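Please open the model in your viewer and keep the selection panel at hand.

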Amino acid sequence: MTVKDITKILEELAPLAHAEEFDNVGLLVGNPNMAVTSALVTLDTLENVMDEAIEKKCNLIISFHPIIFKGLKRITGSTYVERVVLKAIAHNIAIYSMHTALDNSKMGVNAKICEVLGLKNPEILIPKKGVIKKLVTYAPVAETEKVKSALFAAGAGEIGKYSNCSYSLDGVGSFMAGDLANPSVGKIGEIHFEKETQINVIYSFEKEKKVLEALFKVHPYEEVAYEVVTLENTNQDIGMGMIGTLETEMDEEDFLLQVKSKMNARVVRHSKLLGKKVKKVAVLGGSGAFAIAAAKRAKADVFITSDIKYHQFYEAENELVIADIGHFETEQFTKDLLVDHLTKKIPNFAVSLSESITNPIKYL
C-alpha cells in the first residue's frame, strides 16, 4: 500500500477538512505515492520517535501533533524540528499528522477519553458551525430520481442517523437556447417550458466537490442550474469536546481519583469541590479552557481537560468542577485509537504503537 492509500483510510475517521484553520495537518514530509513497509503511530514526532521508526524499519510515522507547525525558513538542524525533518528525508520516512481533524471527529480523541472513563451516550460538546451546505438544483421531472440517487451516492442527504434525505417541489422552468448551445430539450432560438422538480439536499462541506461532480455528470442539461448555500446549522457529528454520563453517580473526590487512575495522571489540578454528586461529565483533550462556558451550558458536573491557567479556574463559578489532568494525559490514548482503526481496516498491515516517551513534562 502507498502512503496515500493508508492516509485515505485515516481520513475516513478524521477528514482533514474538519481540522481548524490554524492547524497544519496531513502529509508533512514524504511522497504520497511511496510504498509503505510498516507504520509507527505516535503522539509526537520527536527525535527518539524517528530513531525508533528507523530501528523498526517503519517508513511512515502517523503522528497526532504536527512536527511542522510554523513555516520553516531554513533546515540546518539547529532545532529539534529541523533535525526530525532532516532525518526523515535522509531515511525516506514519511510523516503524517491528524491533530485537530481528529479532535473534531465524533470517533476521535474525546470519544476515546469517554471510553476510558466509561461515559455513556457521549455527544459533541461544541458542534462545529458553517460546515453544512445546502444544494438547490432543478431537473426534468422524468430525471429527478436519477439525479437524487447520484447525489445521495456522493454523500448528500445525510442528516444524523438518516440518509437519502431531500425535499422536492414541482414547477415549470423556462429557457431559450442560444446559437452555440446544444440543448437536450427545446430548440435553438425558441423559449422552452419544461416541467421540472426543484431538489433540495444538504451535505457536509468536505463532500462538496464529490457532490457537484455527481450532479454535473448525471444531469441531462448542458448548463445545470444550481445554487449552494452555507447553513448556520451546527453539525452534531463534528466538533470539539464531548459530554456523557456516568452509569452510577459518584462523589466528586472519588470521581477525580478514578480519573487520575484511569488516565494515568500524576497530578489533578481542580477548582473548588462543590459537594455535589457527579453524573454528567464533559471532556476535551488538549488545551480546553475555551470550552469552560460550553461545559457550564451543558450542565456538566465536572469538566476534564488541560492547560488551565490560574485565573481560568475562577470561571467554574461554583457551577461545575474544572479538572486539569495534563495535556499529554488527555491525549495519550489517541495512539491506541489510531492503531485499532488501522488494524480493523487493514488487518494484514504492519502498524505498531510507539514505545518512545514524548511527554515533555516531568514530575517530582
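What follows is a short walk around an annotated site.

The model is predicted, so to speak of local features pLDDT must be at least 70, and side-chain atom pairs count only at pLDDT 80 or more, while totals for chains, interfaces and linings use all residues. Residues are numbered from 1 along each chain as its sequence is written, and side-chain values use heavy atoms, with hydrogens and water left out.

Begin by selecting His65, Asp103, His327 and Glu331, which UniProt lists under "binding site" in an unreviewed entry. Although these residues are spread over 267 residues of sequence, they cluster in space, with a largest C-alpha distance of 13.2 Å. Such annotations may be inferred rather than shown by experiment.

Next, centre on His65, in the loop between strand 3 (60–63) and helix 3 (80–90); helices (H or I, at least four residues) and strands (E, at least two) are DSSP runs, numbered from the N terminus. His65 counts as buried because its relative accessibility is 16%, where buried means under 20% relative accessible area, exposed over 50% and partly exposed in between (1.4 Å probe, protein chains only).

Now show the surroundings of His65: beyond neighbours within four places in sequence, its contacts (heavy atoms within 4.5 Å) include Leu43, Ser97, His99 and Glu331.

Finally, move to His327 in helix 10 (residues 327–331), which is partly exposed at 23% relative accessibility. Not counting residues up to four places away in sequence, His327 touches His65, Gly286, Ser287, Ser306 and Asp307.
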